[in-house]
Amino acid sequence: MKLSGVMPALVTPFDASGKIDFNAFEKLLVHLREAGVTGWVPNGSTGEYFSQSTEERRDVLQFVKDFAIPGEILIAGTNAPATREVIEQTELAKDIGYDTVLLAPPFYTRPTQDELTRHYETVLSAVDVNLVLYSYPAKDGSDISFELMDHFADNPRVIGIKESSGVLQRAIDIASRYEGKIQLVSGSDDIALDFMFWGADSWICGPSNCMAKACCDLDRAYKSGDLDKARGMMKTLYRAMNILESGKFVQKIKYGCELQGMPVGECRAPLGALTDDEKAEFRAAMEPILKW
């Protein structure tokens, strides 16, 4: 399975009462499709899966699956703190029609690399899906080691790794060590162009919820060979991307959607609202993107 293009790590819109707002969700998905995204990644951390009930997670997966058209990539986030729960969530996604899942190390438990290897093996044995690994040690408290990737490098169902460590040298190492085996997927948004240069053909991108056309245009400019144009676009995107990486990532993305005229509600607790200063800083960085 070839992963390519910009695939939004989707936010989950909530209404004023805190319920999932599927009208706002549809408006957002239509906008993203028009911008040129290549697929959908619901129920990741940007989608606040950690705050949702199993029924809500099922509803989100079903809604996105029903919206998708042939040719669009579908990757379900099915993460949970325990292997048993991950299997349950992955079976749910498979039953709905997702053949690929995105899995970070289980949060809170901080498994060893041997434990994490067994975790992924157990999930793959239990459910017939493809797997995109998700490396984000700053959030999950666990890394995905090269020893683990070596273990899965010849497994055709482990198709990629979303690399969100922010360490470019690690991305280069992944691209060179696993070429033709494990696809490098861009997950460090403020160095996305560097990832493209080093072989990432796809980008699972939270910021694309609120800057979809800019992200897709960057991807298209690079793939067309116009590196000067791509570099200029990355410079324009960089400040907003960097502010997102500085904290309150999901809150800022949801505020960015509001700035684009597509309000998607607030985040669920424990995620809190942005301060006026945080809004002003991000709004200023978004100005050239809003005029894109």
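## Close-up views of a predicted model

**View 1. A salt bridge joins Asp99 and Lys94.** The side chains of Asp99 and Lys94 come together in a salt bridge, with 3.0 Å from N to O. Here a salt bridge is a side-chain nitrogen of Lys or Arg within 4 Å of a carboxyl oxygen of Asp or Glu. Asp99 is partly exposed, at 42% relative accessible area, and Lys94 is partly exposed too, at 27%. (Buried means under 20% relative accessible area, exposed over 50%, and partly exposed in between, using a 1.4 Å probe and protein chains only.) A note before we go on: this is a predicted model, where local features need pLDDT of at least 70 and side-chain atom pairs count only at pLDDT 80 or more, while totals for chains, interfaces and linings use all residues. Residues are numbered from 1 along each chain as its sequence is written, and side-chain values use heavy atoms, leaving out hydrogens and water.

**View 2. Asp201 and Lys223 form another of the 17 salt bridges in the structure.** The N to O distance in this pair is 3.5 Å. Asp201 sits in the loop between helix 8 (192-197) and strand 9 (202-205), and Lys223 sits in helix 9, so the pair ties together parts that are 22 residues apart in sequence. (Helices, H or I with at least four residues, and strands, E with at least two, are DSSP runs numbered from the N terminus.) Asp201 has a relative accessible area of 25%, and Lys223 has 38%. Look around the pair to find a network of salt bridges that links Lys2, Asp201, Asp219 and Lys223.

**View 3. Within helix 10, Asp228 pairs with Arg231.** The closest N and O atoms of this salt bridge are 2.8 Å apart. The two residues, Asp228 and Arg231, are 3 residues apart, which is about one helical turn. Asp228 is exposed at 59% relative accessibility, whereas Arg231 is partly exposed at 41%.

**View 4. Helix 12 (residues 276-290) has a kink at Ala284.** The kink is about 30 degrees and comes shortly before the proline Pro288. (The bend at a residue is the angle between axes fitted to the seven residues ending there and the seven starting there.) Phe282, Ala285, Met286 and Ile289 are the buried residues of helix 12. Among the elements that cover them are helix 9 (212-224), helix 10 and helix 11.

**View 5. The largest pocket holds about 380 Å³ of space.** Of its 23 lining residues, Ser45, Tyr49, Phe50, Lys139 and Asp140 are the closest to its centre. (On a 1 Å grid over the protein atoms alone, a cavity is a set of points where a 1.4 Å probe fits but cannot get out, and a pocket is an open set with protein on both sides within 12 Å along at least five of seven lines; lining residues have an atom within 4 Å of a point. Points are joined across faces, edges and corners, and a volume is the space filled by probe spheres set on them.) Helix 11 (249-259) gives the largest share of the lining, 3 residues.

View 6. The structure holds 1 cavity of 30 Å³ or more. Residues lining the largest cavity include Ala9, Val41, Ser45, Leu102 and Lys162.

Key. Contact = heavy atoms within 4.5 Å.
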